[in-house]
Amino acid sequence: MGEKRCGIAAIVGRTNTGKSTLLNSILGKKVAIVSKVPQTTRNIIRGILNEARGQIVFVDTPGLHKPKHRLGKYMNILAEDSAKGADVIIHLVDASENIGEEEEMIVSYLAKAKAPIVLALNKIDLGGKFIPEYLKLWEEKKGKPVAELTKELTVIPVSALKGTNTGMLLDELFSLMPEGPRLYPEDMSSDFPQRLAYADIIREKLFECMRQELPHSIAVLVEELVERSKALTYIRAEIFVERDSQKGMVIGDKGQIVKKVGSLAREDLEKLSGKKVYLELAVKVKENWRQDEEILRRMGIVM
Ligand SMILES: Nc1nc2c(ncn2[C@@H]2O[C@H](COP(=O)(O)OP(=O)(O)OP(=O)(O)O)[C@@H](O)[C@H]2O)c(=O)[nH]1
Ligand SMILES: [Mg+2]
C-alpha cells in the first residue's frame, strides 16, 4: 500500500456561505455552530477526518467581511492566516447569492495563494443561479479561462446542507494532499477547546432565539466547568451584552428568552458531553467588549 495522504484544508469564504455546515457535514457530527446570521463563527475550528486513505484537517474560519471593530479585524486575520498554512484552500461560495465587494477582495487574496484552490459552489440545492459570476471573477483575477487552470483551481458544485457532491469534494481533496504521516492522533475529531465549544453552543441558541441584529453584540464565556460526578457536569456561563437595553432583550419577559436558550443549550450540551448538564446562565452588561483584548483572549480569538 502507498503512503497515506494527509494535510490541512482551510475552508475560506464570505460570511454565511455554509463553511461550518460543510465542516459538520463532512465529519458527520457537529463540530461548529451554524446559523442564518452572518459572522457566526468567531474562532478557527479544526475538524479532523480520519480515513484509511489518510487524514484531512479541516480548518473552519470566520467569514471574511469588512471589519467594523477589533473583533472583526481579528476574525479576518484568523481566516487569512489559516489560508496561508493550508495544503489546499476550499473557497466556499454561496452560488445562490451574487458576488459582491467582499468576494472581490477574497478572490484577489486567494488568487495569490500558493496552495491549490477548490472552488466549491455551495447551496446548489437552491439552483446555483450565480455560478457563472463566480467563475468569471476567478478567470478575471487569474487572467485565464477556468479550463486552463486545472492545476491551480478545481470547481465543484456542492450542497453542504444536503450532502450533495461532498464525496466528490473529498476525493479531490485527498488527491491534492501531500503524502506523509497523520498530523493528529487517529481518534481525534476536533481540537476546539471544550469551554469554547460549550460557549458557542449557548451562543448558537441565542442566535436562534434572538432578533437578527443583536447576536453580534453578544459574547458568551464559560466561567465554571465542574464534573460534579461521573454523570453530571455543572456549567456556569456569562452572556455579555453591550448595553442595558440589550440585557432586557436577552432575558426576555419574565426571563422567558434566557430560559429557552438555557433549555435548548442544555439539550445539546448533554448530547455532546454524554452527561446530564446543570447549566446556569447570567446576563451581564460589558460596554465595548468587542474592543476588549482580555475578553477576546478568553474567547480564544486573540492569542
Ligand atoms: N439551502 C442551503 N442552505 C445552506 C447550505 N449550506 C449552509 N446553508 C445555510 O446557510 C446558513 C449559514 O451557514 P453557516 O454554516 O453558519 O455559514 P458560515 O459560512 O459558517 O457562516 P459564518 O460562520 O458566519 O461565516 C445556515 O442557515 C445554513 O443552514 C446549503 O448547501 N444549502
Ligand atoms: Mg461558520
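Two residues are in contact if their C-beta atoms, placed from the backbone, lie within 7 Å. The model shown in these views is predicted: local features need pLDDT of at least 70, side-chain atom pairs count only at pLDDT 80 or more, and totals for chains, interfaces and linings use all residues. Residues are numbered from 1 along each chain as its sequence is written, while chains are lettered from A and ligands numbered from 1 in the order in which they are written.

**View 1. Leucine 27 in helix H1.**
Leucine 27 lies in helix H1. Helices (H or I, at least four residues) and strands (E, at least two) are DSSP runs, numbered from the N terminus. Leaving aside neighbours within four places in sequence, leucine 27 is in contact with Gly47, Leu49 and Ser189. Leucine 27 and phenylalanine 58 are 31 residues apart in sequence, and their C-alpha atoms are 9.3 Å apart in space. A residue is buried if 20 or more other C-beta atoms lie within 10 Å of its own, exposed if 12 or fewer, and partly exposed in between, with C-beta atoms placed from the backbone. Leucine 27 counts as partly exposed because 18 other C-beta atoms lie within 10 Å.

**View 2. Helix H1 and what covers it.**
Eight of the nine residues of H1 are buried, and the helix is mostly covered. The buried residues are Lys19, Ser20, Thr21, Leu22, Leu23, Asn24, Ser25 and Ile26. Their cover includes strands E1 (5–12), E2 (45–51), E3 (54–60), E4 (88–94) and E5 (117–122), together with helix H5 (166–176). Just after H1, glycine 28 takes a positive phi of about 70°.

**View 3. The surroundings of ligand 1.**
A residue is near a molecule or strand if its C-beta atom, placed from the backbone, lies within 6 Å of it. Ligand 1 is surrounded by 23 residues, and the closest are Gly18, Ser20, Thr41, Gly63 and Leu161. Helix H1 (residues 19–27) supplies the largest share of this shell, three residues. By type, the shell has six nonpolar, 13 polar and four charged residues. Here Ala, Val, Leu, Ile, Met, Phe, Trp, Tyr, Cys and Pro count as nonpolar, Asp, Glu, Lys and Arg as charged, and the others, Gly among them, as polar.

**View 4. Two asparagines with positive phi.**
Asparagine 16 lies in the loop between E1 and H1. Its phi is positive, about 75°, although asparagine 16 is not a glycine. This residue is partly exposed because 19 other C-beta atoms lie within 10 Å. Asparagine 165 is found in the loop between strand E6 (153–157) and H5. Asparagine 165 has a positive phi of about 65° and is not a glycine either. It is partly exposed, with 19 other C-beta atoms within 10 Å.

**View 5. Paired strands.**
Two strands pair if DSSP finds at least two bridges between them. E2 and E3 run antiparallel and are joined by seven bridges. A hairpin of two residues connects E2 to E3. The bridge partner of arginine 46 is valine 59 in E3. E4 and E5 pair in the parallel sense over six bridges, and leucine 92 stands opposite alanine 120 in E5.

**View 6. Strand E5.**
Why is E5 largely enclosed by the rest of the structure? Six of its six residues are buried, so the strand is largely enclosed. In a regular strand the side chains alternate between the two faces of the sheet. On one side of E5 are Ile117, Leu119 and Leu121, on the other Val118, Ala120 and Asn122, and all are buried.

**View 7. The largest nonpolar core.**
A nonpolar core is a set of buried Ala, Val, Leu, Ile, Met, Phe, Trp, Tyr and Cys residues joined through C-beta atoms within 7 Å. The largest one has 77 residues, of which Ala9, Ala10, Ile11, Val12, Ile89, Ile90 and Ile239 touch the most other members. Helix H6 (residues 194–209) gives the most to this core, with seven residues. Not counting residues up to four places away in sequence, isoleucine 239 touches Leu206, Ile218, Val220, Val250, Leu281 and Val283.

**View 8. The two domains.**
The domain assignment of the chain gives domain 1 (5–176) and domain 2 (194–298), with bounds that come from an automatic or database assignment. Their C-alpha centres lie 28 Å apart. Across the boundary, 10 residues of domain 1 are in contact with 13 residues of domain 2. On the domain 1 side, these divide into four nonpolar, five polar and one charged.
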